[in-house]
Amino acid sequence: VVSTQSTGLSIMSDSNPRKSSIASPSATGSLKSGYLKKRGELNRAWKQRWCVVSDCKLSYYKTHEDAKPIASITLDQAFFKISTDAEPNEYCFEIVTSSRIYYLMAHSFSDMVDWIRFCSFKTDLHKENEAFSLAEEQIAKANQERPFQLNYLEALNEGQ
């Protein structure tokens, strides 16, 4: 495990290709990497690919040793879901973009959930959902305080 004090970023490295590396999704320059199987768009065979999520994209490589990715998927407008086309014990998920649906398969259910969760932090939708959640929390808090304010006003009116 390598960690840097200044960013709070920690990256795990393991020679096992079934393991993945992850850093906090909220950290600046955060990174998740590991092997996933990817189904091709034309050749529908599953191929193992080294995948790296950095900034707002998922880049995939033939192996973890390659310097240049085969391609990258922009995540800022993407939607993620568990694939309904999967066989039992296949941990498949989809990255849905405006131009294509990408099919990826993790090694376990928990690994699949980690990938979906991490990638979803990179989307504009997540940022909007965070803003809505914050607004809902503030509204709920205001509504909790409101009965007290109404009771106080009623008590004042009764005292007159």
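Along the sequence, the protein follows the order β-β-β-β-β-β-β-β-β-β-α-α, which amounts to 2 helices and 10 strands. Helices (H or I, at least four residues) and strands (E, at least two) are DSSP runs, numbered from the N terminus. The model is a predicted one, in which local features need pLDDT of at least 70 and side-chain atom pairs count only at pLDDT 80 or more, while totals for chains, interfaces and linings use all residues. Residues are numbered from 1 along each chain as its sequence is written, and side-chain values use heavy atoms, with hydrogens and water left out.

Taking the protein as a whole, 30% of its 160 residues count as buried, that is, under 20% relative accessible area with a 1.4 Å probe, protein chains only.

With strand β8 (residues 79–82), β9 pairs in the antiparallel sense over 4 bridges, and I82 stands opposite F93 in β9. Strand β10 (residues 101–106) also runs antiparallel to β9, joined to it by 6 bridges; here V96 has I101 in β10 as its bridge partner. A hairpin of 4 residues links β9 to β10.

Most residues other than glycine have a negative phi. D55, although not a glycine, has a positive phi of about 55 degrees.

Note on methods:
Pairing = 2+ DSSP bridges. Buried < 20%, exposed > 50% of the residue type's maximum accessible area, 1.4 Å probe, protein only.
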